[in-house]
Amino acid sequence: MKYQTSDLVRIAKRENNKKRNYLVVNPLQGKHVPVSPEAALHLFDSLADEVRGKYDAEKLLVIGFAETATAIGARVAVSLETRYIQTTREVIPNVEYLFFSEEHSHATEQKLVKDDIDAVISDIERILFVEDEVTTGKTILNIISILEKKYPKCPKFAVASLLNGMNEESLEIYQEKNIDLFYLVKTNHSAYGDIANQFHTNGTYHIFSDKNKRGKNIEIQINGAVNTRRLTDSRQYERACEYLWEEIVRGMGELSNQKILVLGTEECMYPALYIGSQLEKNHNQVFSHSTTRSPIEVSLDSSYPLHSRYELRSVYDDERITFLYDIDAYDRVIIVTDAKDSDTLGTDTLIHALSMKNSDITLVRWCENGR
């Protein structure tokens, strides 16, 4: 399938961001907008196809960017059968990090686990960075610069993204540095700021706090999680996702002919999309999206991508604000998370928000063995 700008681009308004007032929302990505998981994974596979066959003779490492491109990176790595690691904003104990900054973001700190890069860098011939959107390319150049300073024998680099909005000057810099670029749609951002300003942000805003009581839910704990914030073999990761699906079926039974939401949490997106795609094969109508750190304003305008916003606490950190957009009513809701603890304010606020329209909610906590 050949994707067009109209398939992958909706313009939304960032909240209180002076660096850039707009956000490109991709309705097929499975992050902010509820979407068929199969449609999202097909999109990611199409990006993998752009790279397929180009580096067959090279040892490849795929790096996906948190938080919005973690599922894209994971799927590209799975499709190409490579090693994979994602950047993260979460705290991982007892490791060293490589830190770098992300342009335009509301949460600029990005990091890679240096211990894992140290272990694999001498055996890698090319690093493929995977993003949802590359606008200037500066974020990736930042981390390339850090890698080149840290590792004298650095591999080659390439970038794959769903969208590419780089101008001619930025493209020339990448060409001069011999960094290959792959993408599905070329975008022009020149009018996006004005488009965002045209919308009235008169959507529905809900705020949940420690005064909210958690709604009813069932919790299932499943071991065998693979943490992609650490270096991972993508084939092992895919097998772990298959096992997760088998255990969900064991715990919940076969589900068919239902309207189901499979919800991810922040950086934990791919497992929700994977489970959702399996449910679609069983003749369910399935949607998937995830909680996010992105504070986006909402509008009642039918052409605007997001209409209602739920302000929550993070399931990973009670002190952190996160958001969920456009909750609908479903026969079942399945939350898939790798958060270490479910007895938190973050979980309470998430369940409470979902309970406004839903009564059958299952929290699946995917744990690493021994956690």
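## Briefing on a predicted chain with two open sheets

Strand E13 (residues 259-265) pairs with strand E17 (residues 332-337) in the parallel sense, and four bridges join them; two strands count as a pair if DSSP finds at least two bridges between them. The model is predicted, so local features need a pLDDT of at least 70 and side-chain atom pairs count only at pLDDT 80 or more, while totals for chains, interfaces and linings use all residues. Residues are numbered from 1 along each chain as its sequence is written, and side-chain values use heavy atoms, with hydrogens and water left out. The chain holds ten helices and 18 strands, where helices (H or I, at least four residues) and strands (E, at least two) are DSSP runs numbered from the N terminus.

**Overall dimensions**

- A compact globule of 371 residues would have a radius of gyration near 21 Å, and the chain, with 20 Å, agrees with that value; the radius is taken over C-alpha atoms, and the globule rule is 2.2 Å times the number of residues to the power 0.38.
- The C-alpha trace of the chain spans about 55 × 50 × 40 Å along its principal axes.

**The sheet of five strands**

- E13 and E17 belong to an open sheet of five strands in the order E11-E18-E17-E13-E14, and the pairing in this sheet is parallel.
- Strand E11 (218-223) and E14 stand at the edges with a single partner strand each, so one side of each is left without a neighbour in the sheet.
- Neighbouring strands of this sheet are turned against each other by 20 degrees on average, with direction ignored; axes are lines fitted to C-alpha atoms, for helices over the stretch in contact, and angles run from 0 to 180 degrees between N-to-C directions.

- Another open sheet is formed by six strands in the order E9-E8-E7-E3-E4-E12, and here the pairing is mixed.
- Its edges are strand E9 (180-186) and strand E12 (232-233), each with a single partner strand, so one side of each is left without a neighbour in the sheet.
- Strand E3 (residues 60-64) and strand E7 (residues 126-134) pair in the parallel sense over five bridges, and Gly-64 stands opposite Val-130 in E7.
- Helix H2 (residues 37-51) lies across E7, strand E8 (156-164) and E9, and it runs at about 140 degrees to E9.

**Helix pairs**

- H2 also packs with helix H9 (residues 270-281) at an angle of about 120 degrees, with their axes 8 Å apart.
- H2 and H9 are therefore oblique to each other, because angles under 35 degrees count as roughly parallel, over 145 as roughly antiparallel, 65 to 115 as roughly perpendicular and the rest as oblique.
- In H2, Pro-37, Glu-38, Ala-40, Leu-41 and Phe-44 meet Tyr-270, Leu-273, Gly-276, Ser-277, Glu-280 and Lys-281 in H9, where contact means heavy atoms within 4.5 Å.
- The residues of this contact of H2 with H9 divide into six nonpolar, two polar and three charged; Ala, Val, Leu, Ile, Met, Phe, Trp, Tyr, Cys and Pro count as nonpolar, Asp, Glu, Lys and Arg as charged, and the others, Gly among them, as polar.
- The axes of helix H3 (residues 70-80) and helix H8 (residues 234-252) come within 8 Å and cross at roughly 110 degrees, and H3 and H8 are therefore roughly perpendicular to each other.
- Ala-74, Arg-75, Ala-77 and Val-78 in H3 meet Ser-234, Tyr-237 and Glu-238 in H8, and by class this contact has four nonpolar, one polar and two charged residues.

**Backbone details in the loops**

- A cis peptide bond, with omega about -5 degrees, joins Ala-66 and Glu-67, and Glu-67 lies in the loop between E3 and H3.
- Glu-81, found in the loop between H3 and strand E4 (83-86), has a phi near 55 degrees, a positive value in a residue other than glycine.
- His-283 has its place in the loop between H9 and strand E14 (285-291), and the phi of His-283, near 65 degrees, is likewise a positive value in a residue other than glycine.
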